[in-house]
Amino acid sequence: MAKDFNKFMSQLQETNQTLDFFCDFDKISQNVEDIKLSLCMLNSLIGSTDMRKSVETIWKRDKSAFNVMNILIAVRSEGKKKVLDSLGNCVVLDSLFESIDGVMEFLDNTGLTEIFQSKKIKDLVDYVFGIETGLDTNARKNRSGHVMEGMVARILEKNGIRFRQEVYSSEWPEITKVLGDDEKRFDFVVKTKDKTYLIEVNFYSGGGSKLNEVARSYSDIAPKINSVSGFEFVWITDGIGWNSAKNKLQEAYSIIPSVYNLTNISSFIEGLKG
């Protein structure tokens with residue numbers, strides 16, 4: 001087992017990131033499109049010599065245009081972000097957009113008034129596209145898991161293996177019984193004539209406490225699932241991040257019979273075909 005584990009560790013990949021990993025331009029474009037009309041109205045503030053008068057003009061026409069201004073400072077407030085106003089009061093950021101005075105306070109105190117008047121921004125639609133691209137990088141951590149799921153899905157499809165994704169444990173009363181009250185969602189389910197495989201996949205390019213938690217969790221649920229006739233827990237994981245949690249992974253590796261990475265997943269596929 002130790003020799004096999006060392007081989008498993010030596011096969012872990014440094015990254016699973018392809019070029020489409022970094023930015024989800026479809027989502028970015030849609031986010032901008034959703035507020036494009038408001039941004040076009042706010043474009044009239046660029047180069048204004050009398051900012052308050054320009055704000056008042058937009059306010060009379062469509063004051064809701066100001067509701068999108070939080071994105072101009074790269075904030076998705078959604079009514080929750082709180083700030084200190086000019087009087088030192090703690091207020092919800094979006095509440096500043098409920099009056100002309102509030103809008104002016106936002107523009108002046110964020111520095112946007114100077115930015116607009118000096119024309120350092122030429123077009124708010126293009127400007128917000130850049131902001132959205134920057135904000136989208138925050139989603140990369142979650143995307144890494146989705147990329148791994150996509151890779152496993154393509155491997156299964158290529159080999160003609162039928163599967164379902166994101167299936168809840170409540171579908172099987174016998175599994176619910178052994179797992180207890182906590183409902184579990186499995187990334188993949190593959191059903192053959194002899195067995196139902198409940199599969200979890202993940203990829204870790206960096207370390208962190210989460211890796212230990214994941215290894216402990218799977219070490220706990222795998223024996224429970226495997227104790228049910230006709231079911232087997234399978235864990236497909238990869239990434240050099242496991243080097244930081246090698247001991248806990250080795251412990252899980254010794255407990256869970258079916259642990260694979262992207263290199264040796266072929267042996268699992270062959271077993272499914274057999």
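Student: In which loop is the place of alanine 74?

Tutor: This is a predicted model, and in it alanine 74 sits in the loop between α4 and β1 (82-84).

Student: What is to be noted about phi of alanine 74?

Tutor: Phi there is near 60 degrees, which is a positive value in a residue other than glycine.

Student: Is alanine 74 buried, exposed or partly exposed, and why?

Tutor: Buried means under 20% relative accessible area, exposed means over 50%, and partly exposed lies in between. Alanine 74 has 37% relative accessibility, so it counts as partly exposed.

Student: Where is glutamate 166?

Tutor: Glutamate 166 belongs to strand β3 (residues 164-168). Its phi is near 50 degrees, again a positive value in a residue other than glycine. At 42% relative accessibility, glutamate 166 counts as partly exposed.

Student: Which residues of helix α5 are buried?

Tutor: In α5 (residues 100-110), they are Gly102, Val103, Met104, Glu105, Phe106 and Leu107. These buried residues pack against α4 (51-62) and α6 (112-117).

Student: How do I read the way α4 and α5 cross?

Tutor: Take the axes, then the angle, then the hand of the crossing. The axes of α4 and α5 come within 10 Å, and they cross at roughly 130 degrees. Angles under 35 degrees count as roughly parallel, over 145 as roughly antiparallel, 65 to 115 as roughly perpendicular, and the rest as oblique. The helices α4 and α5 are therefore oblique to each other. The crossing in which α4 passes α5 is right-handed.

Student: Which residues make the contact?

Tutor: From α4 come Met51, Arg52, Val55, Glu56 and Trp59, and from α5 come Ile100, Asp101, Val103, Met104 and Leu107. Sorted by class, the contact of α4 with α5 has seven nonpolar residues, three charged ones and no polar ones.

Student: At what angle do helix α2 and helix α7 pack?

Tutor: Helix α2 (residues 25-34) packs with helix α7 (residues 124-136) at an angle of about 135 degrees, and their axes are 9 Å apart. By the cut-offs above, α2 and α7 are therefore oblique to each other. The crossing of α2 past α7 is right-handed.

Student: Which residues in α2 and α7 meet?

Tutor: On the α2 side they are Phe25, Lys27, Ile28, Ser29, Asn31 and Val32; on the α7 side they are Val125, Val128, Phe129, Glu132, Thr133 and Asp136. The residues of this contact divide into six nonpolar, three polar and three charged.

Student: At what angle do α10 and α11 pack?

Tutor: Helix α10 (residues 209-226) and α11 pack at about 15 degrees, with axes 9 Å apart. They are therefore roughly parallel to each other. In this pair, α10 passes α11 in a left-handed crossing.

Student: Which residues in α10 and α11 meet?

Tutor: Asn212, Ala215, Arg216, Ser219 and Pro223 in α10 meet Lys248, Ala252 and Ile255 in α11. By class, the contact of α10 with α11 has four nonpolar, two polar and two charged residues.

Student: Which residues of α11 are buried?

Tutor: Helix α11 (residues 246-255) has Lys248, Leu249, Ala252 and Tyr253 as its buried residues. Seen down the axis of α11, these residues fall within an arc of 140 degrees, so they line one face of the helix.

Student: Why does tyrosine 253 count as buried?

Tutor: Tyrosine 253 counts as buried because its relative accessibility is 12%, and the cut-off for buried is under 20%. This residue lies in helix α11.

Student: What separates the C-alpha atoms of tyrosine 253 and lysine 81?

Tutor: A distance of 43 Å separates them, and the two residues are 172 residues apart along the chain.

Student: Is proline 173 buried or exposed?

Tutor: Proline 173 lies in helix α9 (residues 173-179). At 62% relative accessibility, proline 173 counts as exposed.

How values were computed: Residues are numbered from 1 along each chain as its sequence is written. This is a predicted model: local features need pLDDT of at least 70, side-chain atom pairs count only at pLDDT 80 or more; totals for chains, interfaces and linings use all residues. Side-chain values use heavy atoms; hydrogens and water are left out. Buried means under 20% relative accessible area, exposed over 50%, partly exposed in between (1.4 Å probe, protein chains only). Helices (H or I, at least four residues) and strands (E, at least two) are DSSP runs, numbered from the N terminus. The arc is that of the directions from the helix axis to the C-beta atoms. Axes are lines fitted to C-alpha atoms, for helices over the stretch in contact, and angles run from 0 to 180 degrees between N-to-C directions. A crossing is left-handed if the near helix is turned anticlockwise from the far one by less than a right angle, and right-handed if clockwise. Contact means heavy atoms within 4.5 Å. Ala, Val, Leu, Ile, Met, Phe, Trp, Tyr, Cys and Pro count as nonpolar, Asp, Glu, Lys and Arg as charged, and the others, Gly among them, as polar.
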